[in-house]
Amino acid sequence: MRIIQILCVSCFIFLTFSLAISATYSLIDTKNLDQDPIQIGEVLTYSVKIKGLPAGTQVTQVVEKTMLADQPVYRFRSERQTGSLLGKLYHFHDQTESYVTTDQLYPLKYVKDLEEQKKHWHVEADFNHAKGTARYTKNKENKTLHIPIGIQDDLSMVYFLRSKELQVGHTYGFPVLVKDKCEHVTLEIRRREVIKTKALGRVETLVLRTSHGYLMWLTNDERRIPVRIEAETSRIGKIVGELEKVDFLD
(Lines give C-alpha, C1' and ligand atoms only; values in the text may rest on other atoms or scores of the structure.)
Protein backbone atom coordinates (compact mmCIF):
# COMPACT_ATOMS: atom_id res chain seq x y z
CA MET A 1 0.00 0.00 0.00
CA ARG A 2 2.91 2.36 0.62
CA ILE A 3 3.94 2.10 -3.04
CA ILE A 4 0.40 2.89 -4.18
CA GLN A 5 0.30 5.87 -1.82
CA ILE A 6 3.50 7.23 -3.37
CA LEU A 7 1.95 6.78 -6.81
CA CYS A 8 -1.23 8.64 -5.89
CA VAL A 9 0.51 11.56 -4.29
CA SER A 10 3.45 11.92 -6.66
CA CYS A 11 2.51 10.84 -10.15
CA PHE A 12 0.12 13.56 -11.16
CA ILE A 13 0.92 16.72 -13.00
CA PHE A 14 1.01 19.14 -10.10
CA LEU A 15 3.87 17.69 -8.10
CA THR A 16 5.13 19.20 -4.87
CA PHE A 17 8.80 20.17 -4.73
CA SER A 18 10.75 20.58 -1.48
CA LEU A 19 14.53 20.62 -2.06
CA ALA A 20 15.96 24.03 -1.13
CA ILE A 21 18.61 25.19 -3.59
CA SER A 22 19.62 28.77 -4.22
CA ALA A 23 18.56 30.02 -7.66
CA THR A 24 20.27 32.26 -10.17
CA TYR A 25 17.11 34.27 -10.90
CA SER A 26 14.02 35.06 -8.86
CA LEU A 27 10.91 33.91 -10.70
CA ILE A 28 8.95 36.56 -8.80
CA ASP A 29 11.03 39.32 -10.41
CA THR A 30 11.07 37.74 -13.86
CA LYS A 31 9.14 39.61 -16.54
CA ASN A 32 5.67 38.38 -17.44
CA LEU A 33 4.83 37.25 -20.95
CA ASP A 34 3.37 39.98 -23.15
CA GLN A 35 0.20 37.92 -23.56
CA ASP A 36 -1.41 36.42 -20.45
CA PRO A 37 -1.67 32.62 -21.00
CA ILE A 38 -4.50 32.26 -18.45
CA GLN A 39 -7.86 31.89 -20.20
CA ILE A 40 -11.17 31.57 -18.38
CA GLY A 41 -12.71 28.18 -19.13
CA GLU A 42 -9.45 26.43 -20.03
CA VAL A 43 -9.68 22.72 -19.14
CA LEU A 44 -6.63 20.45 -19.38
CA THR A 45 -7.11 16.68 -19.07
CA TYR A 46 -4.11 14.44 -18.34
CA SER A 47 -3.55 10.71 -18.23
CA VAL A 48 -0.93 9.22 -15.92
CA LYS A 49 0.93 5.98 -16.47
CA ILE A 50 3.47 4.02 -14.49
CA LYS A 51 5.69 1.63 -16.42
CA GLY A 52 3.32 2.18 -19.35
CA LEU A 53 0.22 1.10 -17.42
CA PRO A 54 -2.75 3.43 -16.75
CA ALA A 55 -2.69 4.79 -13.19
CA GLY A 56 -5.10 7.72 -13.05
CA THR A 57 -6.21 11.09 -14.40
CA GLN A 58 -6.03 14.76 -13.56
CA VAL A 59 -8.22 17.60 -14.81
CA THR A 60 -7.26 21.22 -14.21
CA GLN A 61 -9.48 24.19 -14.96
CA VAL A 62 -9.50 27.98 -14.91
CA VAL A 63 -13.02 28.17 -13.53
CA GLU A 64 -13.76 31.89 -13.44
CA LYS A 65 -12.68 35.40 -12.57
CA THR A 66 -14.39 36.54 -9.38
CA MET A 67 -13.86 38.63 -6.23
CA LEU A 68 -12.33 37.59 -2.91
CA ALA A 69 -11.51 39.95 -0.03
CA ASP A 70 -12.36 42.87 -2.32
CA GLN A 71 -9.73 41.76 -4.84
CA PRO A 72 -10.22 40.36 -8.36
CA VAL A 73 -9.02 36.75 -8.47
CA TYR A 74 -8.84 33.74 -10.73
CA ARG A 75 -10.34 30.53 -9.36
CA PHE A 76 -8.31 27.48 -10.37
CA ARG A 77 -9.48 23.91 -9.79
CA SER A 78 -7.71 20.57 -9.99
CA GLU A 79 -9.24 17.12 -9.60
CA ARG A 80 -7.16 13.96 -9.62
CA GLN A 81 -8.06 10.36 -8.95
CA THR A 82 -6.96 6.81 -9.51
CA GLY A 83 -8.15 5.11 -12.67
CA SER A 84 -10.77 2.39 -12.80
CA LEU A 85 -8.23 -0.45 -12.62
CA LEU A 86 -6.11 0.95 -9.80
CA GLY A 87 -9.22 2.38 -8.12
CA LYS A 88 -10.50 -1.13 -7.47
CA LEU A 89 -7.44 -1.74 -5.33
CA TYR A 90 -6.87 1.67 -3.86
CA HIS A 91 -9.23 4.67 -3.66
CA PHE A 92 -7.71 8.11 -4.06
CA HIS A 93 -9.49 11.37 -4.89
CA ASP A 94 -8.12 14.87 -4.52
CA GLN A 95 -9.95 18.10 -5.32
CA THR A 96 -8.04 21.37 -4.94
CA GLU A 97 -8.98 25.01 -5.51
CA SER A 98 -6.80 28.10 -5.46
CA TYR A 99 -7.96 31.72 -5.55
CA VAL A 100 -5.19 33.84 -7.09
CA THR A 101 -4.89 37.60 -7.60
CA THR A 102 -5.24 38.56 -11.24
CA ASP A 103 -2.36 41.07 -11.20
CA GLN A 104 0.52 39.28 -9.44
CA LEU A 105 -0.87 35.72 -9.42
CA TYR A 106 -0.41 35.41 -5.65
CA PRO A 107 -2.76 32.95 -3.91
CA LEU A 108 -5.24 34.38 -1.39
CA LYS A 109 -7.01 31.15 -0.51
CA TYR A 110 -6.20 27.46 -0.98
CA VAL A 111 -8.65 24.59 -0.34
CA LYS A 112 -7.96 20.86 -0.64
CA ASP A 113 -10.22 17.86 0.01
CA LEU A 114 -8.36 14.58 -0.07
CA GLU A 115 -9.80 11.07 0.20
CA GLU A 116 -7.44 8.14 0.56
CA GLN A 117 -9.10 4.83 1.20
CA LYS A 118 -11.40 5.57 4.16
CA LYS A 119 -9.46 8.60 5.37
CA HIS A 120 -10.38 12.20 4.60
CA TRP A 121 -8.46 15.44 5.00
CA HIS A 122 -9.76 18.98 4.55
CA VAL A 123 -7.04 21.62 4.25
CA GLU A 124 -7.38 25.39 3.92
CA ALA A 125 -4.80 28.17 3.77
CA ASP A 126 -5.69 31.86 3.88
CA PHE A 127 -2.82 34.11 2.81
CA ASN A 128 -2.21 37.64 4.08
CA HIS A 129 0.65 38.85 1.91
CA ALA A 130 0.67 42.33 3.46
CA LYS A 131 1.36 40.87 6.92
CA GLY A 132 3.52 38.00 5.66
CA THR A 133 1.35 35.35 7.34
CA ALA A 134 -0.99 32.51 6.39
CA ARG A 135 -3.64 30.82 8.49
CA TYR A 136 -3.30 27.08 7.85
CA THR A 137 -6.06 24.63 8.81
CA LYS A 138 -5.97 20.85 8.53
CA ASN A 139 -9.27 19.31 9.53
CA LYS A 140 -9.85 21.22 12.81
CA GLU A 141 -6.24 22.04 13.68
CA ASN A 142 -5.12 25.63 13.05
CA LYS A 143 -1.74 27.32 12.93
CA THR A 144 -0.27 30.61 11.74
CA LEU A 145 2.64 30.45 9.29
CA HIS A 146 5.15 33.12 8.37
CA ILE A 147 5.39 33.34 4.58
CA PRO A 148 7.86 35.03 2.20
CA ILE A 149 6.86 37.43 -0.55
CA GLY A 150 5.38 35.72 -3.61
CA ILE A 151 4.72 32.33 -2.03
CA GLN A 152 2.71 29.91 -4.18
CA ASP A 153 0.64 26.82 -3.40
CA ASP A 154 0.92 23.53 -5.28
CA LEU A 155 -1.81 24.50 -7.76
CA SER A 156 -1.19 28.21 -8.31
CA MET A 157 2.53 27.68 -8.93
CA VAL A 158 2.00 26.06 -12.33
CA TYR A 159 -0.05 29.00 -13.60
CA PHE A 160 2.52 31.36 -12.06
CA LEU A 161 5.45 29.84 -13.96
CA ARG A 162 3.33 29.65 -17.13
CA SER A 163 2.99 33.43 -17.04
CA LYS A 164 6.76 34.14 -17.03
CA GLU A 165 9.38 34.71 -19.72
CA LEU A 166 11.66 31.70 -19.28
CA GLN A 167 15.12 31.62 -20.83
CA VAL A 168 16.94 28.44 -21.81
CA GLY A 169 20.01 27.98 -19.62
CA HIS A 170 18.60 29.99 -16.71
CA THR A 171 17.62 28.65 -13.30
CA TYR A 172 14.76 30.26 -11.39
CA GLY A 173 13.61 30.00 -7.80
CA PHE A 174 10.45 30.81 -5.86
CA PRO A 175 8.77 29.86 -2.55
CA VAL A 176 5.99 27.27 -2.29
CA LEU A 177 3.73 26.20 0.57
CA VAL A 178 4.32 22.45 0.95
CA LYS A 179 1.76 21.10 3.42
CA ASP A 180 2.35 23.40 6.40
CA LYS A 181 5.89 24.47 5.53
CA CYS A 182 7.42 27.10 3.25
CA GLU A 183 9.95 25.57 0.85
CA HIS A 184 12.13 26.90 -1.96
CA VAL A 185 11.72 25.49 -5.47
CA THR A 186 14.17 25.79 -8.35
CA LEU A 187 13.47 25.35 -12.06
CA GLU A 188 16.25 24.86 -14.59
CA ILE A 189 15.25 25.65 -18.18
CA ARG A 190 17.30 22.99 -19.93
CA ARG A 191 16.47 23.11 -23.64
CA ARG A 192 13.91 23.49 -26.42
CA GLU A 193 12.49 20.28 -27.82
CA VAL A 194 9.85 19.39 -30.41
CA ILE A 195 7.62 16.55 -29.22
CA LYS A 196 4.48 14.83 -30.47
CA THR A 197 1.42 15.12 -28.23
CA LYS A 198 -2.02 13.57 -28.43
CA ALA A 199 -3.81 16.82 -27.65
CA LEU A 200 -1.83 19.35 -29.72
CA GLY A 201 0.12 17.33 -32.29
CA ARG A 202 3.78 18.27 -32.79
CA VAL A 203 4.76 21.28 -30.66
CA GLU A 204 7.96 23.02 -29.66
CA THR A 205 8.41 22.90 -25.89
CA LEU A 206 10.62 24.23 -23.14
CA VAL A 207 12.01 21.42 -20.99
CA LEU A 208 12.16 22.27 -17.28
CA ARG A 209 14.04 20.34 -14.60
CA THR A 210 12.87 20.80 -11.01
CA SER A 211 14.73 20.61 -7.72
CA HIS A 212 13.71 16.95 -7.37
CA GLY A 213 14.82 15.98 -10.86
CA TYR A 214 11.35 15.90 -12.42
CA LEU A 215 11.10 16.96 -16.06
CA MET A 216 8.25 19.10 -17.39
CA TRP A 217 7.49 20.11 -20.98
CA LEU A 218 5.73 23.48 -21.55
CA THR A 219 4.66 24.62 -25.01
CA ASN A 220 7.09 27.31 -26.18
CA ASP A 221 4.37 29.77 -27.18
CA GLU A 222 2.04 32.28 -25.57
CA ARG A 223 -0.07 29.47 -24.03
CA ARG A 224 2.71 27.75 -22.04
CA ILE A 225 0.58 24.61 -21.67
CA PRO A 226 2.16 21.75 -19.66
CA VAL A 227 2.01 18.79 -22.04
CA ARG A 228 4.19 16.18 -20.33
CA ILE A 229 5.93 15.40 -17.05
CA GLU A 230 8.28 12.59 -16.08
CA ALA A 231 9.50 11.45 -12.70
CA GLU A 232 11.96 8.66 -11.95
CA THR A 233 11.35 6.89 -8.64
CA SER A 234 13.57 4.26 -7.06
CA ARG A 235 10.67 2.13 -5.82
CA ILE A 236 8.13 2.16 -8.66
CA GLY A 237 10.05 3.31 -11.73
CA LYS A 238 9.16 6.03 -14.23
CA ILE A 239 5.89 7.94 -13.89
CA VAL A 240 4.65 9.79 -16.96
CA GLY A 241 1.79 12.27 -17.20
CA GLU A 242 0.63 13.32 -20.68
CA LEU A 243 -1.88 15.90 -21.87
CA GLU A 244 -4.84 14.12 -23.46
CA LYS A 245 -7.25 16.96 -24.22
CA VAL A 246 -7.60 20.75 -24.18
CA ASP A 247 -11.03 22.36 -23.90
CA PHE A 248 -12.23 25.93 -23.56
CA LEU A 249 -15.58 26.26 -21.81
CA ASP A 250 -17.74 29.39 -21.80
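The paragraphs below go through this predicted model from its overall make-up to particular residues and pairs.

Because the model is predicted, local features need pLDDT of at least 70 and side-chain atom pairs count only at pLDDT 80 or more, while totals for chains, interfaces and linings use all residues. Residues are numbered from 1 along each chain as its sequence is written, and side-chain values use heavy atoms, with hydrogens and water left out.

The protein has three helices and 15 strands. Helices (H or I, at least four residues) and strands (E, at least two) are DSSP runs numbered from the N terminus. Of the 250 residues, 50% are buried. Buried means under 20% relative accessible area, exposed means over 50%, and partly exposed lies in between (1.4 Å probe, protein chains only). The accessible surface is about 12400 Å², and carbon and sulfur atoms make up 48% of that surface. Such areas come from the Shrake-Rupley method with a 1.4 Å probe; for residues, only the protein chains shown count as cover. A contact means heavy atoms within 4.5 Å. Among contacts with a separation of 6 or more, 50% are between residues 24 or more positions apart.

Next comes the interior. In soluble globular proteins, nonpolar side chains tend to be buried together. A nonpolar core is a set of buried Ala, Val, Leu, Ile, Met, Phe, Trp, Tyr and Cys residues joined through side-chain atoms within 4.5 Å. The largest one here has 27 residues, and those with the most contacts inside it are Leu27, Ile38, Phe76, Leu166, Phe174 and Leu208. At least two residues each come from strand S4 (71–82), helix H3 (156–162) and strands S10 (171–178), S11 (181–197), S12 (201–210) and S13 (215–219). Helix H3 gives the largest share of this core, five residues. Isoleucine 38 touches Val62, Tyr74, Phe76, Leu105 and Tyr159, leaving aside neighbours within four places in sequence.

Rings of Phe, Tyr and Trp (its six-membered ring) pair if their centres lie within 6.5 Å; planes under 30 degrees apart count as stacked, over 60 as edge-to-face and the rest as tilted. There are four aromatic pairs in the structure. One of them joins tyrosine 25 and tyrosine 172, and this pair is tilted, with 5.8 Å centre to centre and 40° between the planes. Tyrosine 25 is in strand S1 and tyrosine 172 is in strand S10, so the pair ties together parts that are 147 residues apart in sequence. Tyrosine 25 is partly exposed because its relative accessibility is 38%, whereas tyrosine 172, at 2%, is buried. The rings of tyrosine 74 and phenylalanine 76 have centres 6.0 Å apart and planes at 15°, so this pair is stacked. Tyrosine 74 and phenylalanine 76 are both buried.

Tyr172 is also one of the residues touched by threonine 30, along with Lys164 and Glu165, not counting residues up to four places away in sequence. Threonine 30 sits in the loop between strand S1 (25–26) and strand S2 (42–50). Is threonine 30 buried or exposed? Threonine 30 counts as buried because its relative accessibility is 14%. A polar atom of its side chain lies 2.8 Å from the backbone oxygen of serine 26.

The last topic is charge. Side chains of opposite charge can pair when their charged atoms come close. A salt bridge is a side-chain nitrogen of Lys or Arg within 4 Å of a carboxyl oxygen of Asp or Glu. The structure holds 18 salt bridges. One of them is between glutamate 42 and arginine 162, at 3.0 Å from N to O. This pair links distant parts of the chain, as glutamate 42 is in strand S2 and arginine 162 in helix H3, 120 residues apart. Glutamate 42 is buried, at 2% relative accessibility, and arginine 162 is buried, at 2% as well.

Arginine 80 and aspartate 94 form another salt bridge, with the closest N and O atoms 2.6 Å apart. Arginine 80 lies in strand S4 and aspartate 94 in strand S5 (residues 92–101), so the pair ties together parts that are 14 residues apart in sequence. Arginine 80 is buried, with a relative accessible area of 10%, and aspartate 94 is buried, with 1%.

Methods
A polar contact is a pair of N or O atoms within 3.5 Å; within protein, one must be able to donate a hydrogen and the other to accept it, and residues adjacent in sequence count only if both atoms are side-chain atoms.
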